[in-house]
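Please read this briefing beside the sequence and the model. It begins with the chain as a whole and then turns to single elements and residues.

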Amino acid sequence: MSDDCTSQSEPRLTVCLCTHNRPAYVRDCLAGLRKQTVGSERFGVLVVDSGSPAAAGAELVGIVAAHPGGRLVTLDKPGVSLARNIGARTAGGDYIAYIDDDAVPATDWVECIIAAIQQAPSPPAVIGGRILPVWEAPLPSWWPVSLRGVLSIIETEGRGEYRSPDLPATLEPYGANVTMRVPVLLAAGGFGTKVGRRGDILLSDEEVQLAWRLQDAGHSALYDSRIVVYHHIQRVRLTPAWLLSRLYWQG
């Protein structure tokens with residue numbers, strides 16, 4: 001157990017893993033959740049499969065069934081925003097911690113999420129964390145340093161309220177590692193379904209838009225670098241074609 005990630009009373013927390021056609025990554029992510037420094041009775045695990053092909057969907061059924069207490073929700077069509085909204089409506093409880101299927105949580109990930117909630121002055125609506133890269137191929141030398149973020153990498157150290165002097169002005173929460181207060185999320189209408197990735201469509205930032213909307217409404221949106229996941233950066237993304245496509249959809 002980490003020294004600075006302890007907690008007293010606890011919120012009810014569900015971990016939500018949204019996936020599409022990537023059962024091997026799901027298996028690794030769930031393996032990371034089995035290694036947490038807190039017992040599995042202290043958090044639920046929900047996998048939302050958004051429109052995977054039949055073979056991958058069948059494989060996911062077995063993978064989730066083998067995870068203690070794991071639940072699987074299957075959707076007919078792909079879409080990460082749709083999957084995250086279904087996850088929030090299904091999870092119940094106080095908070096939902098989203099993690100991408102190609103990310104693996106640090107062993108104290110859940111412990112530090114609970115601590116961040118407990119230590120906040122008021123119940124936060126959003127808590128973002130660090131997303132450290134696991135390179136499946138070397139980062140090309142031509143890749144601009146300023147564009148590491150489009151690979152869903154967050155390396156900033158520290159804690160504080162987003163869009164405040166406590167943190168860099170450009171820092172934003174990413175869905176690969178973000179926790180949200182369920183009642184507030186649902187009351188706001190959830191993630192926008194006109195944005196969010198669907199298959200090869202790289203339209204992004206739905207989590208940022210939602211976080212700023214909640215913060216503008218008076219809710220707290222926090223960043224806490226103690227909350228860490230390790231995100232696989234796939235070889236296919238380290239090409240000029242992928243980067244141009246990503247920037248096109250971002251625009």
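What share of the contacts in the chain with a separation of 6 or more comes from residues 24 or more positions apart? Such residues account for 81% of those contacts, where a contact means heavy atoms within 4.5 Å. This is a predicted model, in which local features need pLDDT of at least 70 and side-chain atom pairs count only at pLDDT 80 or more, while totals for chains, interfaces and linings use all residues. Residues are numbered from 1 along each chain as its sequence is written, and side-chain values use heavy atoms, with hydrogens and water left out.

**The chain as a whole**

- The secondary structure comes to seven helices and nine strands; these are DSSP runs numbered from the N terminus, with helices being H or I of at least four residues and strands E of at least two.
- The chain is as compact as a globular protein of its length, because its radius of gyration of 17 Å is close to the 18 Å that the globule rule gives for 251 residues. The radius is taken over C-alpha atoms, and the rule is 2.2 Å times the number of residues to the power 0.38.
- Along the principal axes, the C-alpha atoms fill a box of roughly 45 × 45 × 35 Å.
- Of the 251 residues, 54% count as buried. Buried means under 20% relative accessible area, exposed means over 50%, and partly exposed lies in between, with a 1.4 Å probe and protein chains only.

- Helix H1 (residues 23-34) has 12 residues and reaches 17 Å from its first C-alpha to its last, close to the 16 Å expected at 1.5 Å a residue. The expected span is 1.5 Å times one less than the number of residues.
- The buried residues of H1 include Pro23, Tyr25, Val26 and Cys29; Leu30, Gly32 and Leu33 are buried too.
- Helix H6 (residues 206-216) is mostly covered, with eight of its 11 residues buried. Among them are Glu206, Glu207, Trp212 and Gln215.
- The cover over the buried residues of H6 includes H3, S6, S7, S9, strand S8 (177-181) and helix H5 (182-187).
- Just after H6, Gly218 has a positive phi of about 105°.

- Ile131 belongs to strand S6 (residues 126-135) and is buried, at a relative accessible area of 0%.
- Leaving aside residues up to four places away in sequence, Ile131 touches Ser152, Ile153, Ile154, Tyr174, Ala176, Asn177, Val229 and His231.
- Ile131 and Gly92 are 39 residues apart along the chain, and their C-alpha atoms are separated by 26 Å.
- Arg84 lies in helix H3 (residues 80-91) and counts as buried at 5% relative accessibility.
- The contacts of Arg84, not counting residues up to four places away in sequence, include Cys18, Tyr98, Asp100 and Ala176. Arg84 also touches Glu206 and Glu207, which are among the buried residues of H6.

**Loop residues**

- Most residues other than glycine have a negative phi.
- Ser152 has a positive phi, near 60°. Ser152 sits in the loop between S6 and S7 and is buried at 14% relative accessibility.
- Arg163 also has a positive phi, of about 55°, although it is not a glycine. Its place is the loop between S7 and S8, where Arg163 is partly exposed at 42%.
- Glu157 is in the loop between S6 and S7 and counts as exposed at 57% relative accessibility.
- Beyond four places in sequence, Glu157 touches Arg130 and Ser225.
- Glu157 and Val38 are 119 residues apart in sequence and 23 Å apart in space, C-alpha to C-alpha.

**The second largest pocket**

- The second largest pocket has a volume of about 160 Å³. On a 1 Å grid over the protein atoms alone, a pocket is an open set of points where a 1.4 Å probe fits, with protein on both sides within 12 Å along at least five of seven lines.
- Grid points are joined across faces, edges and corners, and the volume is the space filled by probe spheres set on them.
- Lining residues have an atom within 4 Å of a point; in this pocket they include Ala116, Pro121, Ile127, Arg159, Tyr223 and Asp224.
- Helix H4 (109-119), strand S7 (159-161) and strand S9 (221-233) each supply at least two residues of the lining. S9 gives the most, with four residues.
- By class, the lining has six nonpolar, two polar and three charged residues. Ala, Val, Leu, Ile, Met, Phe, Trp, Tyr, Cys and Pro count as nonpolar, Asp, Glu, Lys and Arg as charged, and the others, Gly among them, as polar.
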